[in-house]
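Dear colleague,

I am passing on a structure for your files, followed by an account of what was found in it. Please read the notes below alongside the sequence and the model.

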Amino acid sequence: MSLDVTALRQQFPILKTQIDGKPLVYLDNAATTQKPQAVIDALVEFYTTCNANVHRGSHYLSDEATRRYEKARTTVASFIHANAKEEVIWTSGTTESLNIIAHGLAQQLQPGDEVLITEMEHHANLVTWQQACIKTGAKLVVIPINEAGELEVARFEAALNTQTRLVAFPHVSNALGTINPINELTAMAKKVGALVSIDGAQGIAHGGVDVQAIGCDFYSFSGHKLFGPTGIGCLWGRQQVLEDWPVWQTGGEMIADVEYQNTTFGALPNRLEAGTPNIAGAIGMAAAIDWFAALDQHAIQTHEKALLARANELAADMPGMRLIGTAKHKVGIMSFLLDGTHPADIGFILDRQGIAIRTGDNCAQPLMKRLKIPGTARASFSIYNTIEEVEAFFNALKKAQTMLA
Amino acid sequence: MQLPSSQEIIDDLAFFDDWEQRYQYIIDLGKALPGLPEEARTPDCLVKGCQSQVWLVARNHDGRLQFDVDSDAVIVQGLLALVMAAYNDKTPKQILDFDIDQYFQELDLERHITPTRGNGLRAIVAKINGLARNAVH
């Protein structure tokens, strides 16, 4: 069955927006996705009917808020096939998730230890590990990519050794769209006993994440790239690893017993969740997952592939267009340069035509340096985009090319 | 080419009724700026934005501040020309008295100079105002 994109779009009120009198064509989905009415309603409903603080159940509203908040955790756990809901830690997003891991890792690393990352990292999956290495004297090893933007798997495997403490890579590259062979990479890292942390910010919205099948130790992602609210995300960690993981922030909620000179920390998941959490965000994120999981996954994957295929077809006919990231396996992310034009200028002209794209370094300055480019323009497609929008994007690009010539 | 005054630019831009002409005008203004030779684009005069880069060199000429600017993006260069029309070869007091937000509003371009845009324009405006304040003291 094919996807009824028109009906799907009806569920996203923001897609009716006009920019300078032109219909919005939203192609910045790798930055954040738009929210369906179901998610907006869940947030409003929470604040309208059952707002209270959680885990302090001395009254009806608090019980109800806690029930929904913990149910949201269960929703996330089953969405990613976690072994137990205690393995799901609420965070403010992927960045905080990665910081929890890096903060704990910094307490374990020693000079001589190695942390492996790749050349395709977002700053969130680079600066975190880099700083942990700087603090401890461990070595940050960066595995190269090839010209298509694919990880050099053989070099990755060759770099692994008994000193490798942690391996970090993205499920999907935000700048290049490359889908990494995460199961294969994890299996290789596990052979040398390294911890495996996957940055799932871009991978989660493409469905089918099964943390147990992957075999990794950590998988981090954000709600807002999965049709959910901003300011909420998850750190999934294997229970045996998280149980002893150094606590992150300290304060209320994360404790068992407190005395003036000593504190016994609580159990998972609370020990890694200090303070009042983002309750509405968690509930909104679960609403997004419920909404997303109810879609025909095969149909949306087919649709996403069709969008990228049409874009590739039009790109091939576009004189002077250079695609950055041409991996065999990639999601609907198209980073590009147009000969003789600056990405910022392309962004201006597209914006004026109602088309929203990203321009700049894609939060990946070392990658841009590696590719010897100042940055890119990037269009990223989501399930509610249409073939007509892809075509409108290319028509707008042609106009930009003419105007900037 | 002599850069038009800020008022002339406001009048010129109001004359166009479609955005393409307006952008073309801005691009052409940018191309009319002398820019900076490669060797003058040093890191210490670089104002970094995450989308595009701009360079600013300033000097005080008999109590008037003069600037040379350049950008790697042509529309940003055009927007810089608009800023130059307002600020270049003016006294520090004239610079500080000039309402740049009002100006961009009149040009219907305020969206391009908001602090959230990473194009470095806001940073240039702040830097010029800082230089003007220092010159007054």
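**Chain B: helices on a sheet**

In chain B, helix H3 (residues 74–87) lies across strands S2 and S3, and runs at about 175° to S3(B). Helices (H or I, at least four residues) and strands (E, at least two) are DSSP runs, numbered from the N terminus. Axes are lines fitted to C-alpha atoms, for helices over the stretch in contact, and angles run from 0 to 180 degrees between N-to-C directions. Helix H6 (residues 121–136) of chain B also packs on the sheet, where it touches S1, S2 and S3 of chain B, and its direction makes about 20° with that of S2(B). Residues are in contact if their C-beta atoms, placed from the backbone, lie within 7 Å.

This is a predicted model, in which local features need pLDDT of at least 70, side-chain atom pairs count only at pLDDT 80 or more, and totals for chains, interfaces and linings use all residues. Residues are numbered from 1 along each chain as its sequence is written, while chains are lettered from A and ligands numbered from 1 in the order in which they are written.

The sheet under these helices is open, with 3 strands in the order S1-S2-S3 (chain B) and antiparallel pairing. Its edge strands are S1 (46–48) and S3 (64–71) of chain B, each of which pairs on one side only. On average, neighbouring strands of this sheet are turned by 30° against each other, direction ignored. Strands count as paired if DSSP finds at least two bridges between them. Strand S2 (residues 53–61) of chain B is joined to S3(B) by 8 bridges, and the two run antiparallel. Within this pairing, B:Ala58 has B:Phe67 of S3(B) as its bridge partner.

Elsewhere in chain B, B:Leu13 belongs to helix H1 (residues 6–15). B:Leu13 counts as partly exposed because it has 18 C-beta neighbours inside 10 Å. A residue is buried if 20 or more other C-beta atoms lie within 10 Å of its own, exposed if 12 or fewer, and partly exposed in between, with C-beta atoms placed from the backbone. Leaving aside residues up to four places away in sequence, B:Leu13 touches B:Arg22, B:Tyr25 and B:Leu107. B:Leu13 and B:Pro43 are 30 residues apart in sequence, and their C-alpha atoms are 34 Å apart in space.

**Where the chains meet**

The contact between the chains takes 14 residues from chain B and 14 residues from chain A. On the chain B side, helix H2 (19–32) and H3 of chain B are the elements that give two or more residues. H2(B) gives the most to this side, with 4 residues.

**Chain A: domains and sheets**

The UniProt annotation "domain: Aminotransferase class V", from an unreviewed entry, covers residues 25–393 of chain A. UniProt positions are given in the numbering used here, feature names are shortened, and annotations may be inferred rather than shown by experiment. Over residues 25–393, chain A is 38% helix and 18% strand, and the end C-alpha atoms are 8 Å apart.

Chain A is divided into domain 1 (5–31 + 296–404) and domain 2 (40–293); such bounds come from an automatic or database domain assignment. The centres of the two domains of chain A, taken over C-alpha atoms, are separated by 28 Å. In chain A, 19 residues of domain 1 are in contact with 20 residues of domain 2. The side of domain 1 of chain A that touches domain 2 draws at least two residues from each of helix H11 (297–316), strand S14 (333–338) and helix H13 (365–370) of chain A.

An open sheet of chain A has 4 strands in the order S13-S14-S17-S16, with antiparallel pairing. Strands S13 (321–324) and S16 (358–360) of chain A stand at the edges with a single partner strand each, so one side of each is left without a neighbour in the sheet. S13(A) and S14(A) pair in the antiparallel sense over 4 bridges, and A:Ile324 stands opposite A:Ser335 in S14(A).

Strand S4 (residues 88–91) of chain A is covered on both faces: A:Val88 and A:Trp90 on one side, and A:Ile89 and A:Thr91 on the other, are all buried. S4(A) pairs with strand S10 (residues 233–237) of chain A in the antiparallel sense over 4 bridges.

With kind regards

Notes:
Contact = placed C-beta atoms within 7 Å.
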